[in-house]
Amino acid sequence: MPKASEASKQAFRDLLEPFAAASPSVEVKPMFGQLGAFVNGNMFAGLFGDTTGVKLDADGLSALEAVGGNPFGPEVRPMGGYLTIPANAAAEPWIERALAYVGALPPKTPKKK
């Protein structure tokens, strides 16, 4: 599994910081050695290696795929509903779209210990 560089982790945090500052329900936290951005407990964006991916509805996935979005996550088992944001694309609009989509989903219920 690819490891995210410290520079990529910082860039991901910097990208998500305005969204987290605007909403207390948004948080960035470690996940399986990578980073994930969550709203109401549901992941809407993530870092895998040095690539950023977002979770989108069907129309969003089609639009992102049309500009070069690829499957996000491990090559042998990419994450369903997520695509990478191409390096040549502005990431903020895709993050905003993913946050709006996932933010409208029911909050994730914490697992009982």
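Two strands pair if DSSP finds at least two bridges between them. Helices (H or I, at least four residues) and strands (E, at least two) are themselves DSSP runs, numbered from the N terminus. This is a predicted model, in which local features need pLDDT of at least 70 and side-chain atom pairs count only at pLDDT 80 or more, while totals for chains, interfaces and linings use all residues. Residues are numbered from 1 along each chain as its sequence is written, and side-chain values use heavy atoms, with hydrogens and water left out.

**The sheet**

Five strands make up an open sheet with antiparallel pairing, in the order S1-S2-S3-S4-S5. Strand S1 (26–31) and strand S5 (82–84) are the edge strands, each pairing on one side only. From one strand to the next the twist averages 25 degrees; axes are lines fitted to C-alpha atoms, for helices over the stretch in contact, and angles run from 0 to 180 degrees between N-to-C directions.

| S2 (residues 34–39) and S3 | five bridges | Ala37 and Ala45 |

Other facing residues can be named. Leu35 stands opposite Leu47 in S3, and Phe48 has Thr51 in S4 as its bridge partner.

How much of strand S3 (residues 42–48) is buried? Seven of its seven residues are buried, and the strand is described as mostly covered. Buried means under 20% relative accessible area, exposed means over 50%, and partly exposed lies in between (1.4 Å probe, protein chains only).

**Leu83 and helix H2**

Helix H2 (residues 58–66) lies across S4 and S5 and runs at about 20 degrees to S5. Leu83 is found in strand S5. Leu83 counts as buried because its relative accessible area is 9%. Contact means heavy atoms within 4.5 Å. Leaving aside neighbours within four places in sequence, the residues in contact with Leu83 include Thr52, Gly53, Val54, Leu61, Leu64, Glu65 and Phe72. Phe72 and Leu83 are 11 residues apart in sequence, and their C-alpha atoms are 4.8 Å apart in space.

**Two packed helices**

Two packed helices are described by the angle between their axes and the distance between the axes. For helix H1 (residues 6–22) and helix H3 (residues 91–103), the axes come within 11 Å and cross at roughly 45 degrees. That angle makes H1 oblique to H3: angles under 35 degrees count as roughly parallel, over 145 as roughly antiparallel, 65 to 115 as roughly perpendicular and the rest as oblique.

The crossing of H1 and H3 is right-handed. A crossing has this hand if the near helix is turned clockwise from the far one by less than a right angle, and is left-handed if anticlockwise.

Which residues meet where H1 passes H3? Leu15, Leu16 and Phe19 in H1 meet Ala91, Glu92, Ile95, Glu96 and Leu99 in H3. By class, this contact has six nonpolar residues, two charged and no polar. Ala, Val, Leu, Ile, Met, Phe, Trp, Tyr, Cys and Pro count as nonpolar, Asp, Glu, Lys and Arg as charged, and the others, Gly among them, as polar.
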